[in-house]
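Dear colleague,

I am handing over a structure for you to look at, and below it I have written down what was found. Please keep it open beside you as you read.

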Amino acid sequence: MTKQQRKTIEREFYKYEWNRREATNHTVTAVAYNSSAPDGERVKTSSGNKNEQLMIRAIYETEQMLGWVKVFEKTLDKFKWEHKDKLMRKRYIERKSIWRTCEEIGISRATYFYWLEDIMQTAFMWALELKLF
């Protein structure tokens with residue numbers, strides 16, 4: 001896993017709640033009937049149809065969002081019976097600092113970073129499986 005891939009995973013983990021909320025409505029709001037074209041012209045298969053291109057982009061972005069939501073949830077499930085799931089919740093959902101997370105879970109900073117590396121490796125494997133990289 002490269003530094004860039006790790007940053008991407010962490011960024012998407014921080015955006016988990018937003019991705020989960022927005023993915024359901026993203027396709028509809030992207031098109032949002034914002035066209036002056038009549039209904040029959042909205043989604044046709046022609047190279048010049050901007051609404052079709054918007055729909056394709058919206059579907060792609062929605063798939064990406066849902067993919068990252070799935071990566072977060074599958075990683076969380078893998079560590080369900082360990083304290084690593086608490087680390088993920090405190091850090092990425094509640095957005096607690098490293099110090100506060102360690103204090104609330106009852107682990108040292110070294111353990112925090114060891115666990116975080118394990119979490120990132122697992123998330124990376126899920127992201128590869130779901131073809132997000």
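**Salt bridges and a helix contact**

Glu 103 is partly exposed, with a relative accessible area of 44%, and please bear in mind from the start that this value, like the others here, comes from a predicted model. The side chain of Glu 103 meets that of Arg 100 in a salt bridge, with 3.1 Å from N to O. Both residues belong to helix 5 (residues 98-105), where they are 3 residues apart and therefore separated by about one helical turn. Arg 100 is likewise partly exposed, its relative accessible area being 34%.

Other salt bridges share partners, and in this way Lys 90, Glu 94, Lys 96 and Glu 104 are joined into one network. Within that group, the side chains of Glu 104 and Lys 96 meet in a salt bridge at 3.3 Å, again from N to O. Glu 104 has a relative accessible area of 35% and is partly exposed, and Lys 96 is partly exposed as well, with 24%.

How many salt bridges does the structure hold? The count is 11, and one of them deserves a careful look, namely the one that Asp 118 forms with Lys 84, in which the closest N and O atoms are 2.5 Å apart. This pair links distant parts of the chain, since Asp 118 lies in helix 6 (residues 109-129) and Lys 84 in helix 4 (residues 84-93), 34 residues apart. Is Lys 84 buried or exposed? Lys 84 has a relative accessibility of 8%, and because anything under 20% is classed as buried, Lys 84 counts as buried. Asp 118, on the other hand, is partly exposed, with a relative accessible area of 28%.

Finally, please turn to the place where two helices meet. Two packed helices are described by the angle between their axes and by the distance between those axes. For helix 5 and helix 6, the axes come within 10 Å and cross at roughly 100 degrees, and the two helices are therefore roughly perpendicular to each other. On the side of helix 5, the contact is made by Ile 98, Thr 101, Cys 102 and Ile 105, which meet Arg 109, Tyr 112, Phe 113 and Trp 115 in helix 6.

How values were computed: Residues numbered from 1 in each chain as written. Predicted model: local features only at pLDDT ≥ 70, side-chain atom pairs only at ≥ 80, totals over all residues. Heavy atoms only, no water. Salt bridge = Lys/Arg side-chain N within 4 Å of Asp/Glu carboxyl O. Helix = DSSP H or I, 4+ residues; strand = E, 2+ residues; numbered from the N terminus. Buried < 20%, exposed > 50% of the residue type's maximum accessible area, 1.4 Å probe, protein only. Axes fitted to C-alpha atoms, helices over the stretch in contact; angles between N-to-C directions. Parallel < 35°, antiparallel > 145°, perpendicular 65-115°, else oblique. Contact = heavy atoms within 4.5 Å.
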